[in-house]
Amino acid sequence: MSDQQSKKGVDARLAISTKKLNLWYGTFQALFDVDLDIKQGLITSMIGPSGCGKSTFLRTVNRINERMDYVRISGKVDVMGENIFGSNVEMLQVRKQVGMVFQRPNPLPISIRKNILFGYNIHTGGKTNQSKQDDIVESALKQVLLWDKVKDKLDHKATTLSLEEQQKLCIARLLPVKPSVLLMDEPCSALDPKGTEAVEELLWDLRGKYTILIVTHNMAQARRASEECIFMLMGKVIEHTETGQMFLTPKHKETTEYIEGRYG
Amino acid sequence: MNTPHTAGPAKIALRPDSFHAWRSRIDQFASKIIGLGGLVVIAAVLLILFYLVYVVSPLFLPASASRTSLEGGTDWLKTPTAFLALEEQQQVAFRISQKGDAQFFSLEDLQLIESTDIRPGDQNVAMVADDLGHTGLVAVAFEDGKVSLLQNDYSTDFSAGVELRKIIPKLEVPYGLNLRELMPDGGIAGLVLSDTDTELLLAAAGTGGRVRLDRNIKQENFLSGEISLESSVKDLKVDFEIAAISISNDHRWLYLGDESGQVHFFDTSTLSEAQVVRVSNKAITSMNMLLGGISVLAGDADGTITQLFPVRDEENQYSLEIIRRFEGHQSAIRQIIPEQRRKGFMSVDAEGNLSIFHSTAGQMVLSEKLPGLPSALALAPRASGLLLLYRDGRAEFMDIDNEHPEVSFASLWSKVWYENYPEPEYVWQSSASSNEFEPKFSLMPLAFGTLKAALYAMLFALPLALLGAAYTAYFMSPALRRMVKPTIEIMAALPTVILGFLAGLWFAPFLEENLAGVFAMMLVMPAGLLVFAWFWTRASWKLKEYVKEGWEPVLLLPVLVVLGIVSIEFVGPFQDFFFDGDLRTWLSNEAGISYDQRNAMVVGCAMGFAVIPTIFSIAEDAIYGVPKSLSDGSLALGATPWQTLVRVILPTASPGMFSAVMIGLGRAVGETMIVLMATGNTPIMDWNLFEGMRTLAANIAVEMPESAMNSSHYRILFLAALVLFMFTFVVNTGAELIRQRLREKYSSL
């Protein structure tokens, strides 16, 4: 499929669009001229060997990287048509649009309920009445298919849940903020096969409602659980195409070698 | 790393069995050594605890006594005894019989060493009084009311070696052989003798309410060194029968006990009755002065002994107050014998019960039933032995083991009414030049001082150390953090003696000079910091592009220095306006707050400086150790760094931060050198920021070198150490329990 979208203006169908994105950690350059257009409502997976810049790319879209003073960024990143590095853009708004799920489940050491409401309260100032809050908690947990398991222990500490449930909770707590993009950095790498399956099912469930960008080391997962696929190597985008096409007829030699498991 | 494996035949290299045996031996050895190390540490701490308890425990052991019968030629002992005394080594005793023989005899075999007839004519001895200061001088009153002065004196002959030393007694007449007319018509009922450097005083009470005071001012001839006495006699007539008479050591107050249980209080200069105090409903049967001649002890027919002394009020008027009562006897008190080195005394009642009390501790230390009523008894100067004579000529010696009568729970931890004090108070004043001094062993002022110093140090250190740790761990640029953290940790290695030295000799005078400036700094610097931060976030200077996030402290530093200098230099006009020119004078004159140069503020800053590195370092590690995934999660949800810090990082790091605070507190409580050098070491109980304190630790450092080994003072200092030990133990145990709970509550995984 052609990945040459019109460069004029902003294409409303693009969730994330980057132009000439370069990133340095000190003197080490992690991203080289990354141009990517990620379509709304799809699940896009990113594959590539360790250190190829997948996670760095995700963290840049969420602007989490900037807290380190040795990080330098050049280029342009648009999320839902807005330049996130624009001078009038607030970090809070970027992160409201772009939720992120991390490799290791990282629920906050507070109750399940408070985890769900944490982001919501930050964005609304925490002045919501009790029944509204209950509705929010219930709907978020239902969306991640966790409600039936935890509805009786909402005041238990989130860290008492199993890893799979924790990861689902980490996805659930993004939803009340109503993001349009969910970034997932190897969300299943800490889970067992059963948990992986559950999370993947959840991803299919959320497809369409959110644009999902998922980094994975698991080729099978990329193949099963995504509609488009991006292959990165040494900080550069090598190939971006439909998942099926990437795994059947890769265009580049490096892609073929990686998919066949020659390295990585 | 991306080169594909060249698969060879899988083969596990086998090592010989001896290698595995050797490796497991090393392993076992290492684990044993490590286990042993841990046990040795615990054992060392326990040993310290046990040693402290071992030294302290005699303080709380009860006194004991054992009596032995003295055998020997006792014919001469069958004559009635008027007076008995023991010399220091408890080898020779001195007796005056009613027949007028002054006799020295050895205790070992009850053989007479020397006997002198001191009767001027054929008069028998009516009464003998011992000098209040226990100089060996005695006044012997005969039946006709005449008095002569004698002194029993002892020298030691070491010619046969120290072990076989021989006590050589000698009877002397330092004020001549002449008799004094003290109670002209006889009928003497009470006699007092007091010989001081300036005056020799004799007082006698007679039947029918007669009192005579014979005061002799001493005049020393500057050529010959001879002392001549200038006598002046005063008479007093009271309208009650006098049961007992006592006089204070300064010869200012005269006490007369009557048969209805009252003590009459007279000023000797006017001989006017100042006050009557009812101490009992029964007759007063015996009275004596406690060591030092300030307190009078009055025993009544019911067996209660009451301690009284004159208390001075704000108008300089004295009034006689009942200080405390000593219960324990069931029948009339026959005799009260003060100890010669301590504020203790011994009493005997009509049924032959003997008790030992201590006045400061307010407790009975020993009670013993004697086989009969002794006709005479003499307490050794060190109060370690008692010689008892009975009417039938038997003699007994009582060994008394009573090392620490002055220590009781009450005397250590509650208010005690000390001699010459207007009311009961907590006082630590362990020693003085004179034996007659009443040691004041209240640990309260020291415990208070310890807490005060620690509190002010923590007030100074906690905000700086914890906020600094939060900033360094969470906001500061990693490169800057790598410089800042070791620098602050190096501060911990600064010897506290240097901090104490700087605090005492540089900071204390500086603070005194610039008190207003320092307080202005406390207002101006935080305010200036906020203003600067506000400008920094609003302004869009070019400079901002060069200063990356996390490097702002470098910019802030010169600003703070300038603000500090400005506060110190330009506080003058404000001081003039608000505090009439000088804050320190204003404090003492207007606010009534006294100011010491070395005060709690100096200690708070200096000791705070000493504990900051400890608290900072541990707290910083705790905050930095919070998993990055947690802060990422929070940030990714849209929380600001500040929200993340307050809602996620700090609660998660709280167990570690709590430990940091507790370790800092432990250090502040036990810190010695800084408080020793930067405070006046005055054991006062006052929260005033501008006055000093004395802490338990500093007190041990100050007084341990000067305390006699195994004395009460020495053991109480060990007790102070034990209290400190227990305090840190309790605080640390409590802290660990709280830390465990926090960890349970906020553990991240």
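Two residues are in contact here if their C-beta atoms, placed from the backbone, lie within 7 Å. The model is predicted, and local features need pLDDT of at least 70, side-chain atom pairs count only at pLDDT 80 or more, and totals for chains, interfaces and linings use all residues. Residues are numbered from 1 along each chain as its sequence is written, while chains are lettered from A and ligands numbered from 1 in the order in which they are written.

**Stop 1: Ala600(B).** Select Ala600(B), which lies in helix H11 of chain B; helices (H or I, at least four residues) and strands (E, at least two) are DSSP runs, numbered from the N terminus. Leaving aside residues up to four places away in sequence, Ala600(B) touches Lys452(B), Ala453(B) and Tyr456(B), and also Leu689(B), Glu691(B), Gly692(B) and Met693(B). Tyr456(B) is 144 residues from Ala600(B) in sequence, yet their C-alpha atoms are 6.9 Å apart in space. Ala600(B) counts as buried because it has 27 C-beta neighbours inside 10 Å; the cut-off for buried is 20 or more other C-beta atoms within 10 Å of a residue's own, with 12 or fewer for exposed and partly exposed in between, the C-beta atoms being placed from the backbone.

**Stop 2: helix H5 of chain B.** Next select residues 496-513 of chain B, the 18 residues of helix H5, which at 1.5 Å a residue should span 26 Å and whose end C-alpha atoms are 24 Å apart, in agreement; the expected span is 1.5 Å times one less than the number of residues. Where does H5(B) have a kink? A kink of about 40° lies at Phe507(B), shortly before the proline Pro509(B), the bend being the angle between axes fitted to the seven residues ending at a residue and the seven starting there. Phe507(B) is also one of the buried residues of H5(B), which include Leu499(B), Ala503(B) and Leu511(B). The buried residues of H5(B) pack against helix H6 (515-538), helix H11 (600-624) and helix H14 (673-678) of chain B.

**Stop 3: where the chains touch.** Show both chains: 23 residues of chain B are in contact with 23 residues of chain A. On the chain B side, the elements that give two or more residues are helix H12 (628-636) and helix H13 (641-670), and the largest share, seven residues, comes from H12(B). That side of chain B divides into nine nonpolar, eleven polar and three charged residues, where Ala, Val, Leu, Ile, Met, Phe, Trp, Tyr, Cys and Pro count as nonpolar, Asp, Glu, Lys and Arg as charged, and the others, Gly among them, as polar.

**Stop 4: strands of chain A.** S3(A) pairs in the parallel sense with strand S8 (residues 211-215) over four bridges, two strands being paired if DSSP finds at least two bridges between them; Val215(A) in S8(A) is the bridge partner of Met46(A). Four bridges also join S3(A) to strand S9 (residues 228-233), again running parallel, and there Thr44(A) has Glu228(A) as its bridge partner.

**Stop 5: the open sheet.** Finish with the open sheet of four strands in chain A, ordered S2-S1-S4-S5 with antiparallel pairing, whose edge strands are S2 (28-39) and S5 (82-83).
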